[in-house]
Amino acid sequence: MTAGDPLLRVRGLTKHFRVRGGLVRAVDGLDFEVRAGETLGLVGESGCGKTTTGRLLVRLLEPTGGRIEFAGQDITHAGRRALRPLRSQLQIIFQDPYASLNPRHTVGRIIAMPLQVNGITPPGGTRARVRELMELVGLNPEHYDRYPHEFSGGQRQRVGIARALAPGPRLVVADEPVSALDVSIQAQVVNLLRRLQRELGLAFVLIAHDLAVVRHFCQRVAVMYLGRIVEIGDRDDIYRRPQHPYTRALLAAVPDVTRLGSAGRIRLAGDLPTPLDPPSGCRFRTRCPNARQRCAEQEPALLRRDGGNQATACHFPQSGPLGVERGGVPA
Amino acid sequence: MDPYLRVDDLRVSFGTADGTVRAVDGVSFAVPRGRTLGVVGESGSGKSVTSLALLGLHDPRRATVTGQITVGGHQLVGRPETEVRRLRGQEMALIFQDPLSALHPYYPVGRQVTEAYRVHHPRAGRAQTRRHVVEMLGRVGIPQPQRRYDQYPHEFSGGMRQRAMIAMALVNGPALLIADEPATALDVTVQAQILDLLADLQAEFDTAIVLISHDLGVVAQVADDVLVMYAGRAVEQGSAEQVLRRPQHPYTWGLLSSVPSLHGDAAVDLAAIPGHPPSLIDVPAGCAFHPRCRYAEHAGGRCRTQRPELTPGGTPGHRMACHLPAVERARRYAEDVVRVGVAR
């Protein structure tokens, strides 16, 4: 692996679940890359496959097809033994700070666990390292011997973050890390993640449904719909010049404190179709305001236009700033 | 005309092994028909306890409810359960966050909506009832309501279940709707549909709505008036325009500036409120917000000792509970709040 190579490379990644009544195509052909120190946001609504993708990346799930390369190594079907040396470099933070911590273990033990299972003995000892990690994420190291129930939701999420950082990962997958937290606590945790990313030079895949949170954390953003990426690009392109009608509708639907009332919003009709039987052609066409004949016949490829970094899977991509619908050009 | 819902000095407390929890500690508001009050707060602020009290749903053996709740001229607090039950469902209804737990998994959706109707219309004929319910399902935007009537909750998507719950709440044409986080569990595009639907139905039925939400964006979109709660008390109250555009209380400032937005500078950190909401068993003395307030030192030490009462401030109708002197408040607002882009 040379300096310019991506840390994570995903090609044609698929995950199908066999259920009574057919095959759920939860993730259906994803291509993307994450460079060292880069933050990629995976956004989309429930059922779009973003959480499944996160679990595939850290290999909590076995991919049905495609390829995942991490640090130049093919880990698509790597077994426990082959994964072991990479586990410490690839960590995950879970959504629910209540369910993801063992209530019978002290937080010190919880944070030390990845060191233990990866056979890492830090210089100065495990205890000192755990205290250092607690300090790093804004927990009082004196609380080493306390149990999860003695902490608030925000503090528990900090424990989950410290645990993910313990083995010194290069890539962290964070699955909805702030969505279970109170508004004022969300901001604290988003700021913490930003600081850690900056200071430690970590690469992140942030999985979130909240587009405003993603905007505050990610340099690049991929928008998913029914198991596919419909648009991917640099943050400013996605938020200021979204080309896919789904990205535009998603951005327009975000409730915004700075706008009173609901005038001038574009609305998406209907619900997400079932991934058991996705629509032919473009999967978004059943809810798309611009759908035409071709959209039902041919699945659009994820294509770059005008030589930029932004790729869109749409036969009739939109242009122009979203600000027109929003009554002001986003700053 | 009197507002349809009037709440005066509502207090709800629970006796626990660790002491008395004052979940709601003196809250007053009024909602006329056709208007929406948004109640904003974080966990433990007392917003959901308030909504249950409005419907008389607290168990009298566990909760002590005092104050006055007047719905359409009827005072509810202390009334016998049978009388409250008649008003509930008929005059007022509740929708809440999780439609799956509100619907019985073993019965078809249409039948469950029917049951809500029949309780208050025992003499209605079978065919006429079904017609009415199917019409209601259609009104809330459920496609093919005839067919959907006989389907089970698991055959409905999350958005459709929420619509079914709204149909159930509105089937008797209540004058007051309590919506406790009605769209929180839903995806943003569906959430937008549900909020639009509530607004349409409100225009049609002239409903008074109390919308409880932690999401300031949702409140900004639908509320006419806003009540901000913290540790069981109102800290700021006024029209949506007043509270969200010209907020006066440091907690509201903090809430507004800690929410990431689609505008603003993504490169700077969010202005987080330090600490976390207090435990209601051990509410800080004085102003409950003072341990997290940046300005607690600027009111001559009163924040620590004396509880601030709601007082008028800003423009008429706007009230807040804060010791910060007016001049200091105006200066801080201009320097710290407008600068981070809250007020636009």
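## Interface between chains A and B

In this predicted model, 40 residues of chain A are in contact with 43 residues of chain B, where contact requires that the C-beta atoms of two residues, placed from the backbone, lie within 7 Å. On the side of chain A that touches chain B, the elements giving two or more residues are α6 (183-200), α7 (211-215), α8 (235-240) and α9 (245-253) of chain A, and α6(A) gives the most, with eight residues. Helices (H or I, at least four residues) and strands (E, at least two) are DSSP runs, numbered from the N terminus.

By class, this side of chain A has 19 nonpolar, eleven polar and ten charged residues; Ala, Val, Leu, Ile, Met, Phe, Trp, Tyr, Cys and Pro count as nonpolar, Asp, Glu, Lys and Arg as charged, and the others, Gly among them, as polar.

## Domains and annotation of chain B

An automatic or database domain assignment divides out domain 1 (104-173) and domain 2 (244-340) of chain B, whose C-alpha centres lie 44 Å apart. The unreviewed UniProt entry annotates residues 5-256 of chain B as "domain: ABC transporter", although such annotations may be inferred rather than shown by experiment. Over residues 5-256, chain B is 40% helix and 27% strand, with the end C-alpha atoms 28 Å apart.

## Conventions

Residues are numbered from 1 along each chain as its sequence is written, and chains are lettered from A and ligands numbered from 1 in the order in which they are written. Local features need pLDDT of at least 70 and side-chain atom pairs count only at pLDDT 80 or more, whereas totals for chains, interfaces and linings use all residues.
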